[in-house]
Amino acid sequence: MSLHADIRADAGALVIEARLEARSGEVVGIVGPNGAGKTTVLKAIAGLWPISRGKVSINEWVVEDSEAGIRNPPEQRSVGMVFQDLRLFPHMSVADNIGYGLRLRGVPRKQARVLAEPLIETLGLAPHSKQKPGSLSGGQAQKVALARTLITNPQVILLDEPFSALDAESRPKVRRDMSLYFRHPDCTTIIVTHDPMEAKALCNRVIVMEEGRFIQEGEIDRIADDPKSRYAAESLGLNFFPGVAAGETVDVGGEATLSVVGEHHGRVIVSFHPRAVVLHQTRPEGTARNVFKAIVRTVRHENGITRVTTAGSLSAVAEITRVSAEQLNLRPGAEVWLSVKAAQIQVTPL
Amino acid sequence: MFGLLAALCVVFLAVPLMGLLTQIPWDSVRSELGNRDVASALKLSLLTSLFATVLAAVLGIPLAWVLARVQFRGKSFVRSLAILPMVMPPVVAGLALLLAFGRNGLIGKGLTKIGLTIPFTTTAVVIAEAFVAMPFLILAVEAALRSSQTIQTEEAAASLGASPSRRLLDITLPMSKAALAAGLVLCWARALGEFGATITFAGNLPAITRTMPIAVYVALERRPQSAIVLGSILLVVSFLVLFVLRDRWFRAQA
């Protein structure tokens, strides 16, 4: 077990209670609405937020324990944090920002610049390495913030919405490049994100946090199957399928191929909202291309909406009105046809 | 109506300056500057105001840090105390210093026993100037150290492994550089212009405690020409200070 945190902290009116365990090499996502206390959990682990009681240990090393009176300051924790508001050093060049952690470890300035070069190159920051952060675009600044933390090889990496300032085009590439660093087997990564696609792409499992508490934890697909809260259903209860795109179709495995809008190639994630899934008792007539046969697994009613999970060549989740659910006579084990319009499907390159 | 009053205000501010500048006896500026009394007052003023600024920095910057970063009971009282010399009449400040450091004063008694006399020495000038000018430095630096941007950037440095002293050197000081410079310049300018506290606590001894402002006042009675030249020099210095600080003050408004 690499990271163990069992903490209680006050964040204004909100009381935060979090129990988190993560292995080395694991990437854990924390998702939740604004103000749920996600950032505070990260700060508490980093030693930047006081805990009222609890314990944090990294690789069996107790860095904080309120009962034993142990509290290591943030600089002694080997916990790297990438802040949502980046917090770059405004008076240092891009290269010196990235090399700062190395210089703290005794590497001379010149050598730190040399060591930072490959990372700067990978991130496409080379033309800007002598600039001050103030003149960078949002995406570039975010890359600097990531690089500055990753270069120090911390045992725990905490990322607070680390890709939010990147545009949709550069996000997958940066995410891929960066994940090489934090997928390191000796490193535990915790990512706060509100982007389910990101959680799907990066995390081994996710924790849903609301009002200061962890309310659900597990693999993202399992949570999507059975979300314990409205937020989890809304944000994670999407249909995700990793697949391989070839032009206007995506092979998502299991003999299922989805028609999508636009040209795509290579590894992608396709996603669509459960509301975009239409259920039929018999094979639908007409031109719909994305039609699949499946078996109903679960049926759950909530506030006039019925959430149906299915198993088949495309095991999708559907949300339909209760009235139509009753008309379709849905019950676990029943045979059902589902269809999705190509225009409702989102394709994200991996 | 408002425009008229505003124009009147500009006239009110400008007339005294014009009065001084139009009276500069250009023919005798050179000889006045060569005058031994003028030169020694100038030298003394530069020296004491510089030392006063150093003293204010050595004591004031740590206090600014504590006020900005440490939570403790009675903090608002300490802050009031630190700012008080800025609003209290300088003569009263001088009187208070005299009573504290004088022969029978709170501290003076002890100092006298070990053979130290402070009042009416150049040291007294430095103390009086530092006492009155320090609040300018403390206010400027405290405001900068309270900046949440600086504090958050320090946190980022800490998470990268920077110890408190490294954070101070690498992050806090560079990020507070402008405020620090402004505070030091303001403090120095106030020390340079100090009159009331100095003449009360340090007196008016030529070459020992007679600083520029005191020399201007003394010269006014006997040699008005010297007073005008000395006064003009102080005025030019004030303009230079404004020039140095222009970015800081005028950019803040933009």
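The model is predicted, and local features need pLDDT of at least 70, side-chain atom pairs count only at pLDDT 80 or more, and totals for chains, interfaces and linings use all residues. Residues are numbered from 1 along each chain as its sequence is written, while chains are lettered from A and ligands numbered from 1 in the order in which they are written.

**View 1. Crossing of helices H5 and H7 in chain B.** The axes of H5(B) (residues 90-101) and H7(B) (residues 122-145) come within 10 Å and cross at roughly 130 degrees. H5(B) is therefore oblique to H7(B). The crossing is right-handed. Pro90(B), Ala93(B), Gly94(B) and Leu97(B) of H5(B) meet Ile127(B), Ala128(B), Phe131(B) and Val132(B) of H7(B). Of these contact residues, seven are nonpolar, one is polar and none is charged.
Terms: helices (H or I, at least four residues) and strands (E, at least two) are DSSP runs, numbered from the N terminus. Axes are lines fitted to C-alpha atoms, for helices over the stretch in contact, and angles run from 0 to 180 degrees between N-to-C directions. Angles under 35 degrees count as roughly parallel, over 145 as roughly antiparallel, 65 to 115 as roughly perpendicular and the rest as oblique. A crossing is right-handed if the near helix is turned clockwise from the far one by less than a right angle, and left-handed if anticlockwise. Residues are in contact if their C-beta atoms, placed from the backbone, lie within 7 Å. Ala, Val, Leu, Ile, Met, Phe, Trp, Tyr, Cys and Pro count as nonpolar, Asp, Glu, Lys and Arg as charged, and the others, Gly among them, as polar.

**View 2. Strand S1 of chain A with S2 and S4.** S1(A) (residues 3-11) runs antiparallel to S4(A) (residues 53-58), joined by six bridges; strands pair if DSSP finds at least two bridges between them. Nine bridges link S1(A) to S2(A) (residues 14-22), also in the antiparallel sense. Ile7(A) stands opposite Gly54(A) in S4(A) and has Ala18(A) as its bridge partner in S2(A). Two residues separate S1(A) and S2(A) in a hairpin, where Gly12(A) of the turn has a positive phi of about 65 degrees.

**View 3. Open five-stranded sheet of chain A.** The strand order is S14-S18-S15-S16-S17, with antiparallel pairing. S14(A) (277-280) and S17(A) (317-321) stand at the edges with a single partner strand each, so one side of each lacks a neighbour in the sheet. From one strand to the next, the twist averages 45 degrees. Eight bridges join S15(A) (residues 291-302) to S16(A) (residues 305-312), and His301(A) has Thr306(A) as its bridge partner in S16(A).

Technical notes. Two residues are in contact if their C-beta atoms, placed from the backbone, lie within 7 Å.
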